[in-house]
Amino acid sequence: MGPHPQTWLKTTPAGLYCEPGDFYIDPLRPVARAVISHAHADHARPGHEAVLATQGTLAVMRTRMGAERAGGAMQALAYNEKIKLGDVTVTLHPAGHVLGSAQVAMEYQGAKAIVSGDYKRQPDPTCAPFEVVPCDVFVTEATFGLPVFQHPDAADEIAKLLASVALFPERTHVVGCYALGKCQRLIGELRLAGYDAPIYLHGAHMPVCETYRAEGVVLGELRPATVAAKAALKGAIVLAPPSAIADRWARRMEDPVICMASGWMRIRQRAKAGGIELPLIISDHADWNALLSTIREVGAPEIWVTHGGEEGLIHALSRLQIRARALRLIGYGDEDAE
Amino acid sequence: MKDFSELLERLLFSPGRNTKISLLHAYFTSRPDPERGYALAAIAGALDFPGAKPAALRAMAEARTDPELFALSYDFVGDLAETIALIWPNAHADASPELPEIISALRAAKRDAIPGLVATWLDAADSSTRIALIKLITGGLRVGASLRLAKLALAELGGVDVNEIEEVWHSLEPPYESLFAWLEHRAPRPHPDEKPVFRPVMLAHPIEAKDLAALDWSAHRAEWKWDGIRVQLVATPHGKRLYTRNADDISHAFPEIIDAMHFHAVLDGELLVIRDNIVAPFSDLQQRLNRKTVSAAMLQNFPAGIRLYDILFDSDEDLRTQNFDARRQHLEAFFEREQPQRMDLSPLIKFEVHHELGLLRDGAREAAIEGLMIKRGDSPYLSGRPKGMWWKWKREPLSVDAVLMYAQRGHGKRSSYYSDYTFGVWNEAGELVPIGKAYSGYTDTELAYLDKWIRNHTTARFGPVREVEKEIVFEVGFDAAQRSSRHKSGVALRFPRILRIRTDKPAAEADQLEAVQALIT
Ligand SMILES: [Zn+2]
């Protein structure tokens, strides 16, 4: 094993910096060279001079920020393809989080560190599944880093939604979900469950769906959810940003059933406080068991834990005699805090 | 019990009354006997079986995870039953037994075998089923639907008027197979016979300024609203009962009232402690409530009586369709005829114009009077809270400025917030002494603000209670101040609630104990 990653991966105010490669991973401020794990706004920020990411991530970044702001030189790297940056070999491996999401693997003088970005282990019809890659240091997220978070199968939650649609055919089911990833996954899961009616989208959700389609993801018929079409929305499923389900936009629907798809919905208080009538526990982040099993599978002797329930996860890892420490990076977990 | 727990979960999250009725209707239609009957009994709080203590379940959950992870999780979730349910290792599929099996297994089990039994069920259940199971077994099952909504759903299912269900309800027992058989037209309506069953009570609306202005006063009657417990007395050849307005049977706690029922009738009245014809404060009545046995000393020191408001049945004559004036005459004649011990008639108040009543109401500072009842002379005795029939006109609340001293987490919906507040006023020695506790009156925004403030200004912890810096002043409203030996201050407030947070007032300027003592009635 070569030099310990803590000697060449540094936390700086701009984010995590790989010194021998002279690049940042998911930097928080504009930098000269950035490697981006995925296109969620808290990981992919505008204004870097050079950006390296998967084709899927770059496509979504262009859609959301415009080609100008998305970055200067945009270089696509396929999954599992190697590239040399400085003295460091970089590989991107699927993270199973959203379209294009990648774990950033870095090898330097025989030592290997992987920054997983955000990831999940549940199947997702709209993105490539997480790939287990052995390494010396594994940097994991811990959004759901408490044992109370055990996500049920998405198919069961979708079944709940469809049962409710059948029970209340006169009402409109408005599902709050994030525009990137969750929205397309819900559509994909609904299609897998055999739901082939048109699915209606809030205006903010359309562009990323178009990008997914352009990248080859099949989503079926999607229609804009406009108030003019209110009558057509009776009995329909409408997907909207979480911010829209609480305000007048959703209330204008026909006697809406307010739903929310998020890992946080596992806590009743969260659902109650948000005025959610039908909570759906569907998450694009690893749950507690998936965090532990992933850490076991990658077999890294040392774990660095970022944003979320670090305390619980680090405690559990110490009981398993795995070295773990918190990697304090400010600023993540904003967009898809779920 | 997956279907039942899914029903409970949807009821919990559904704000709409009609939605809840639809959910209940769908459940009662799709589930078999006796499961649906036990579910109905669970909603009604009519199930009787040995349970387990939350602490025993917590210990099992900690053993399956880790005490520190449990503590971190509990702190995050806020509700103990929910934490246990969520942290319990997930089963691959739900294979938990149905409600009837659970009830009969609990009834058959030895008490010390129950936690182990529960654990095997939790191992086989999914998380929403686990929450329902834990709440059921620890006695914390609070359903976001009242029994009334379940009855409305049943009425819909059977195509009958809900009052027909109310009427037979108290002669029925879980799992209510005869009820479902009747509603599904497989059997005739169950007959209450002559059992001493509870009849649905008629309730009043609070009156508002616009109602006061619009009322035709000549068509209305007025009575005092006595500050006791609204009760129903039922005496038939087959038994005698004393019920609260929520149909709880409290006969055992008031044997002297039962002994005084030498008639056959159903009466509506107020249960009070009365000494030498003077009604004692509510705190005296509280001494008699929630007791399993009644000592001779209790009977002597806190003698109970009934102030009668109304008559529903005289023998088996149903008077409920008659109007209030006719029933009142009937009640007076009944009273004259029977002369029951420990009872008197709540007098009607004569008045010419309603301003006169307003003055009477404000003048009545007697502790035993909460305000006035205004009843339409032509109102039949209807169940529930029919519109425009009976009104309650409470006195203006008294108020005091008091300082927040301690806070505790609430229950149910508020379990993750510090929402129960103990407040106090200054005594002569310049110390704060607690005078009461309030759980209501604040808005959600105020609650969130207080919760955060409390977490950041805690000075000490005693179990679930936090002592806080003495900075927040509440304007606390209450109906009456009474002498109390339980509080160090010697004062207890009746129905305290937070009227507002006095951000404008420094704690030092909150009220003195003397000022509160002067309000004791
Ligand atoms: Zn993300």
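**Entry 1: helix α9 of chain B**

I listed the buried residues of α9(B) and found B:S127, B:S128, B:T129, B:R130, B:I131, B:A132, B:L133, B:I134, B:K135, B:L136 and B:I137. I took buried as under 20% relative accessible area, exposed as over 50% and partly exposed as in between, with a 1.4 Å probe and protein chains only. Eleven of the eleven residues of α9(B) are buried, so the helix is largely enclosed by the rest of the structure. I noted that B:G139, with a positive phi near 80°, follows α9(B). Helices here are DSSP runs of H or I with at least four residues, strands are runs of E with at least two, and both are numbered from the N terminus.

**Entry 2: conventions**

I worked on a predicted model, in which local features need pLDDT of at least 70 and side-chain atom pairs count only at pLDDT 80 or more, while totals for chains, interfaces and linings use all residues. Residues are numbered from 1 along each chain as its sequence is written, chains are lettered from A and ligands numbered from 1 in the order in which they are written, and side-chain values use heavy atoms, without hydrogens and water.

**Entry 3: the interface of chains A and B**

I looked up the contact (heavy atoms within 4.5 Å), to which chain B gives 34 residues and chain A 29 residues. The two chains bury about 2,800 Å² between them, 58% of it on carbon and sulfur atoms; this is the accessible area (1.4 Å probe) lost on putting the parts together, summed over both. In chain B, the most area is lost to chain A by B:R10, B:F13 and B:F76, together 25% of what that side buries.

I counted three salt bridges between the chains, each a side-chain nitrogen of Lys or Arg within 4 Å of a carboxyl oxygen of Asp or Glu. B:E9 pairs with A:K160, with the closest N and O atoms 3.7 Å apart.

**Entry 4: salt bridges within chains**

I found 52 salt bridges over all chains. In one of them, the closest N and O atoms of B:K2 and B:D126 are 2.4 Å apart. That pair links helix α1 to the loop between α8 (114–123) and α9 of chain B, 124 residues apart. B:K2 is partly exposed at 31% relative accessibility, whereas B:D126 is buried at 17%.

I also recorded B:D310 with B:R327 at 2.8 Å, N to O.
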